[in-house]
Amino acid sequence: KTLREINVRRGQRKFRENLLAAYGGRCAITDCGIASLLEAAHVIPHSVSGVNSVENGLLLRSDIHTLFDLGLLFIDPVDKTVHVSGELDESPYKELENKPLRATDAGRHPRQDYLETRFRLRR
């Protein structure tokens, strides 16, 4: 178990580095460029997919990552827009509703099938 945890952590660091490079060090939703606040988010959790690649990732500000993981913020897989749960209607996060997801510097988004799977899993 310990060796597996070490390998996951090592993979996570590289995953974050790859996403930082791919997104030019900016959050895919808020455009925040403060590196210490940015986290590597899996579209499909690593525990399910085993995939630590840019095509299964988003670079997100830490609070946005938390909302994404909780299913309170999600991405429409068709038009790549951000949507927020009704639970956030009275919060500043409501401003993110219908915001376009920022593509990587190479003009790419996470894989379509990953986004579709994640969208189906939302609350």
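Arginine 102 is partly exposed, at 21% relative accessibility (buried means under 20% relative accessible area, exposed over 50%, partly exposed in between, with a 1.4 Å probe and protein chains only). Arginine 102 forms a salt bridge with aspartate 31 (a side-chain nitrogen of Lys or Arg within 4 Å of a carboxyl oxygen of Asp or Glu). The model is predicted: local features need pLDDT of at least 70, side-chain atom pairs count only at pLDDT 80 or more, and totals for chains, interfaces and linings use all residues. Residues are numbered from 1 along each chain as its sequence is written, and side-chain values use heavy atoms, with hydrogens and water left out.

**Overall layout**

- The protein has four helices and four strands. These are DSSP runs, numbered from the N terminus: helices are H or I with at least four residues, strands are E with at least two.
- Along the sequence, the pattern reads α-β-α-β-α-β-β-α.
- The radius of gyration is 14 Å, which agrees with the value near 14 Å for a compact globule of 123 residues. It is taken over C-alpha atoms, and the globule rule is 2.2 Å times the number of residues to the power 0.38.
- The C-alpha trace spans about 45 × 30 × 25 Å along its principal axes.
- Of the 123 residues, 38% are buried.
- The protein exposes about 6,900 Å², and carbon and sulfur atoms supply 52% of that area. Accessible areas come from the Shrake-Rupley method with a 1.4 Å probe; for residues, only the protein chains shown count as cover.
- Take the contacts with a separation of 6 or more: residues 24 or more positions apart account for 57% of them. Contact means heavy atoms within 4.5 Å.

**Salt bridges**

- The structure holds eight salt bridges.
- In the pair of arginine 102 and aspartate 31, the closest N and O atoms are 3.2 Å apart. This pair links distant parts of the chain, 71 residues apart. Arginine 102 sits in the loop between strand S4 (82-84) and helix H4 (112-121). Aspartate 31 sits in the loop between helix H1 (2-22) and strand S1 (38-42).
- Aspartate 31 is partly exposed, with a relative accessible area of 34%.
- Arg102 and Asp31 also belong to a network of salt bridges that includes Arg26 and Asp105.
- Arginine 111 and glutamate 55 form another salt bridge, at 3.8 Å from N to O. Arginine 111 lies in the loop between S4 and H4, and glutamate 55 in the loop between helix H2 (46-49) and strand S2 (57-61), so the pair ties together parts 56 residues apart in sequence.
- Both partners are partly exposed: arginine 111 has a relative accessible area of 33%, and glutamate 55 has 35%.

**Arginine 118**

- Arginine 118 is in helix H4. It is buried, with a relative accessible area of 15%.
- Its side chain meets that of aspartate 69 in a salt bridge, at 3.6 Å from N to O. Aspartate 69 lies in helix H3 (residues 62-69) and arginine 118 in H4, so this pair ties together parts 49 residues apart in sequence.
- Aspartate 69 is partly exposed, at 47% relative accessibility.
- Leaving aside neighbours within four places in sequence, arginine 118 is in contact with His42, Val43, Ile44, Pro45, Phe68 and Asp69.

**Nonpolar core**

- The largest nonpolar core has 30 residues. Such a core is a set of buried Ala, Val, Leu, Ile, Met, Phe, Trp, Tyr and Cys residues joined through side-chain atoms within 4.5 Å.
- Ile29, Leu58, Leu60 and Leu73 touch the most other members of this core.
- H1, S1, S2, H3, strand S3 (73-75), S4 and H4 each supply at least two of the core residues. H1 gives the most, with four residues.

**Cysteines**

- The whole structure has zero disulfides (a disulfide is a pair of cysteine sulfur atoms within 2.5 Å).
- The sulfur of cysteine 27 has its closest cysteine sulfur in cysteine 32, at 6.7 Å, too far for a bond.
- Both residues are buried: cysteine 27 is at 0% relative accessibility, and cysteine 32 is at 13%.
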